[in-house]
Amino acid sequence: MPVLSGYRVLDLSIAMAGPLAAMRLGDLGADVLKIEPVTGEWQRHTSAGGAVGNEVNASFLSLNRNKRSLAVDLKNPAGRELVLRLAAESDVFLQNYRPGVAARLGLDEASVRAVRPDIVYVSMSGYGEDGPYVNRPGQDLLLQGLSGALYSAGRAEDPPQAGPSFIADAITAYSAFEGVLAALLHRERTGEGQKVEVNMLDAMIAMQMQELSVRTVGGVPQTRGHEIHAHSYIRAPYGIFPTSDSYLALAFADLSLLAEVFGDAELAQWDAERDGFKQRDAISAAVARHLRTDTTASWLERLGNRGVWVGPVNSYDDVLEDPQVKHNGSFVTYDHPTEGSVTTPGFAFHLTATPASVERGAPTVGQHTAEILTEAGLGADEIEALLRDKVIA
């Protein structure tokens, strides 16, 4: 039996962070009800990369498997009452509205807890529920910039380079997922529900535990150099270097080994631990000069066989064909009623006794409205009346 089987989650979130957190709960067996507008959640209408799909675009599909959809107008008092009726029988209530919106809808913590005192109420935001930035847009790129992370990599003369994925959204989602599991465990032990507050800014700062501690505890400034280097607090050579045909990732290399492989006496004069920071640019420039003279495959063999930490720089197509990725089963493939055979990333961790699984693909808008409301005790005539009055879809 899945580890969260028997738990119900009301997912009123939009975009990425909230839906991803709720999906992870669904992957572990929770009954996740996606409460979305009658026109569909925002992500249904915003297709990343132009991948629009037949009826469900790739963005929505990737973040909403293992959920059932209830399409309801929350601005209609009858719609609000339906959600509160479901909340009374739920374990987790998750929303990532802008601060103040849940209260205006009558779905703030106090309102939900009035019908289910021991519920785990999850509130996700960009910057926190109050404070000077409370009204700023909580978007991934803006939080990457605000968090300080972007000045830890790259060259001093180049603009800071954003991460190649929605890092702030993802780390916030996993923080919420972690918080929900902790709150549910607390409830199992004490019978007491609680509020889980997660914001993107704190999540991004917490993710940089080591880097920010080097600054706050060690007093080391965050200084970028002028040559290839992937992290200001790691000694050279460290980064993605061009080869004669592509790129090579190289980390924590022993300079004496590099000197032998390259036949370069200059590198042998430096000690990585002693000179890796003070001579960072000179070391990186020397390594880059040598790596440009041969192919990635050749360097992987020549350096890898000597124990140097090197690896390829894969494209997404390379990742899909990678033998370790295939061995791990990092992707899952399943059939979707409108999109056909679907392959997406699988699960971030594995449980031996209660593994995660895909039981249903991302729903179409309101696909489970009648099913969910029937389970909640509404009769066919009542559901028909709500449809007629456009409270639900």
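Author: This is a predicted model. Start with arginine 289, whose relative accessible area is 43%.

Reader: Why is arginine 289 called partly exposed?

Author: Its relative accessible area is 43%. Buried means under 20% and exposed means over 50%. The value of 43% lies in between, so arginine 289 is partly exposed.

Reader: What makes arginine 289 and aspartate 264 a salt bridge?

Author: Their closest N and O atoms are 3.7 Å apart. The cut-off is within 4 Å, so the pair counts. Arginine 289 sits in helix α13 (residues 280-291), and aspartate 264 in the loop between α10 (255-262) and α11 (265-268). They are 25 residues apart, and the pair links distant parts of the chain.

Reader: Is aspartate 264 buried or exposed, and how do you know?

Author: Buried. Aspartate 264 has 9% relative accessibility, and the limit is under 20%.

Reader: What makes glutamate 36 and arginine 44 a salt bridge?

Author: The closest N and O atoms are 2.8 Å apart, against a limit of 4 Å. Glutamate 36 is buried at 2% relative accessibility. Arginine 44 is buried at 13%.

Reader: Why does the pair of lysine 34 and aspartate 11 tie together parts that are apart in sequence?

Author: The two form a salt bridge, with closest N and O atoms 3.9 Å apart. Lysine 34 lies in strand β2 (residues 31-36) and aspartate 11 in strand β1 (residues 8-11), so the pair ties together parts 23 residues apart in sequence. Both lysine 34 and aspartate 11 are buried.

Reader: How many salt bridges does a search of the whole structure find?

Author: The search finds 27.

How values were computed:
Residues are numbered from 1 along each chain as its sequence is written. This is a predicted model: local features need pLDDT of at least 70, side-chain atom pairs count only at pLDDT 80 or more; totals for chains, interfaces and linings use all residues. Side-chain values use heavy atoms; hydrogens and water are left out. A salt bridge is a side-chain nitrogen of Lys or Arg within 4 Å of a carboxyl oxygen of Asp or Glu. Helices (H or I, at least four residues) and strands (E, at least two) are DSSP runs, numbered from the N terminus. Buried means under 20% relative accessible area, exposed over 50%, partly exposed in between (1.4 Å probe, protein chains only).
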